[in-house]
Amino acid sequence: MIAYGCPVTAPEIYERHARRGIESVAEPGAKVFGYRATSSIFRSCNIILDSAAACDDLEALVLLHQDAEIADARFNAKVRELMRDPDVAVAGCIGAIGVRSIAWWEGAVTWASFIHRYGEFGGGDLPGFAWKAGKAPPYARTGEVDAVDGFLMVLSPWTVRNVRFDESLGRLHGYDLDFCLQVRAAGRKVVTADLRAVHNHSLDLVSDPEDWAEAHMRIAEKWEGRMPGIGQGGRDWKQRARRAEAEAEAARASAVSKQLQLEAREREYRRIADEIEESISWRITAPLRRANHWRRTTLRRR
Amino acid sequence: MIVFASSITDPAAYASCAEPGIRRVAEPDSEVIANSACGSISRSYNLLMDMVAERDDLDALVLLHQDAEIVEPDFCRRIRDALSDPDVGVVGCVGAVGVRSIAWWEGSVTWASFAHRYRELGGGELPGLTWNGDETPAFASTGEVDTVDGFVLVLAPWTVRNIRFDESLGPLHGYDFDFCLQVRAAGRKVVTADFRVVHHHSLDLVSNPESWLAAHMRVAEKWDARMPRASSANGDWKQRARRAEAEAALARTEAVAAMYQADARLKQLQRELAEVTESTSWRITAPLRRIRALGRARRR
């Protein structure tokens, strides 16, 4: 039996996304652990793992965020295929190698078969590079990775029964990387697979920067020297501090630059829109648009 | 006498920005020095200082970037006012306090009577904090600061004769902050004054990130624990490195988020514009606009 688990903080979001996706793929008799979230995602996920661990017929546990929607008609077949390798402990639809911190996306991303769907600015989709079948870039490949994104993780029965999220690390950030590191430290594999999902998420990538920075530091401290790459960057701490302080300020300037470019672009569009709205041809056709608007409104009322 | 001086890498930029501004405000006896750049900006500025340091009649040396245009009609009187305090070594129109690095804008900016004018995307202007005199925020004030932006630097005669830009720091970045630190370490003041300048500049704020990073590190190393009035970050080096690496990763992620947001907003604007340009009324009136455009072209 493939089970599904989701910590829920906003029931309406869960209903709209995670539950809809689960219902589209769940087989008869599948268990769904849609639990109200507790104080941290670490704890919430552990509660789900404890429940799933008690299922004797467990083939896999699909742990997903409330805003993640599985969009893959062959999802279960793919999960079963993955679980045939007894060394595979965690699978995801996005993953990277060369990961050094909880910012796993700063490693080399090898697979990303998902869509980031946002609601801001009228809404839109940002498809991952492996979303469109047959159009993946040359570096795209499924298989073993350092870590997968935690918005959708498929866990093997061994993982569900033997590994737990480290509740000492914080409330939210880095839980996925730490979990993957634990699994790898136990000699098992973390892999990506062509599982398709939509992540309905704001364009703000880090909602609480201070918590995020704290988690970054704690996880680097926990794993440095125990797993290759994590927390590394040379042993000269002074040089590392100097370099990183400079990089942080350069990146902040880059973000400001992007913001200025956006403002400039908005002004450009406003100028074009104003020119159109002030043109004779736009003004003389105003009665036509009013008539058309009236016609559409009347039709809708009927 | 007030001397205006620039180091030029792009003569067209100088001719369209710095030169008209200088002509607008120069006094009859002012001297204008337009040198071609020689190596780094520090070396170029040192050469300009050497050229005027011995002049007994020097009231001030105004060092300005080729893309900086002074638009303050009362410029000379205002800088004379600022330099009437013999302790003042440097005057600028943008400055900040609480500065810890060459990213002086991460300190608290207290004055910014400039406008950033860009050419990209049809061109436009981004006014500084105190560009519009009647909309100045309550926290804005001229006076002593840690550093000023180097696109316009007004130097007192004492400064011209006693301080030099540090040519060991690199080709471009951080020269202004280091210079202000030297002036302050010598016991003189760096201040902002209310004169208005337009900076004609691209929207890319850091054009050469690797050279910027190197300058950031060199200046930090040079002034470590010696920066006047600046408290340094706490913690041992390992702790600082951990913190800084977290903040750097965070900042890079936020830069990506800013890019996503910009792209999303752009798509929304394109959709809105397409609604208009693809509407029936806009399409059926296309011949009218073509006739009008033809008429305009003929008149020209």
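**Note on the predicted two-chain model**

1. Chain B holds nine helices and 14 strands, where helices (H or I, at least four residues) and strands (E, at least two) are DSSP runs numbered from the N terminus. This is a predicted model: local features need pLDDT of at least 70, side-chain atom pairs count only at pLDDT 80 or more, and totals for chains, interfaces and linings use all residues. Residues are numbered from 1 along each chain as its sequence is written, while chains are lettered from A and ligands numbered from 1 in the order in which they are written.

2. The C-alpha trace of chain B spans about 70 × 60 × 40 Å along its principal axes. Chain B is divided into domain 1 (2-210) and domain 2 (240-299); the bounds come from an automatic or database domain assignment. The C-alpha centres of these two domains of chain B are 34 Å apart.

3. Of the 300 residues of chain B, 44% count as buried. A residue is buried if 20 or more other C-beta atoms lie within 10 Å of its own, exposed if 12 or fewer, and partly exposed in between, with C-beta atoms placed from the backbone. Two residues are in contact if their C-beta atoms, so placed, lie within 7 Å. Among contacts in chain B between residues at least 6 apart in sequence, 76% join residues at least 24 apart.

4. A nonpolar core is a set of buried Ala, Val, Leu, Ile, Met, Phe, Trp, Tyr and Cys residues joined through C-beta atoms within 7 Å. The largest one has 162 residues, of which Leu61(B) and Val62(B) touch the most other members. Helix α7 (residues 237-277) of chain B gives the largest share of this core, 10 residues. Leaving aside residues up to four places away in sequence, Val62(B) touches Ile2(B), Val3(B), Phe4(B), Ala5(B), Val152(B) and Val154(B).

5. At the interface, 61 residues of chain A are in contact with 59 residues of chain B. On the chain A side, β9 (124-127), α6 (209-223), α7, α8 (280-284) and α9 (286-301) each supply at least two residues. The largest share, 35 residues, comes from α7(A). By class, this side has 31 nonpolar, 11 polar and 19 charged residues; Ala, Val, Leu, Ile, Met, Phe, Trp, Tyr, Cys and Pro count as nonpolar, Asp, Glu, Lys and Arg as charged, and the others, Gly among them, as polar.

6. Ala273(A) lies in helix α7 (residues 237-278) of chain A. Ala273(A) is partly exposed because 15 other C-beta atoms lie within 10 Å. Not counting residues up to four places away in sequence, Ala273(A) touches Leu273(B) and Val276(B).
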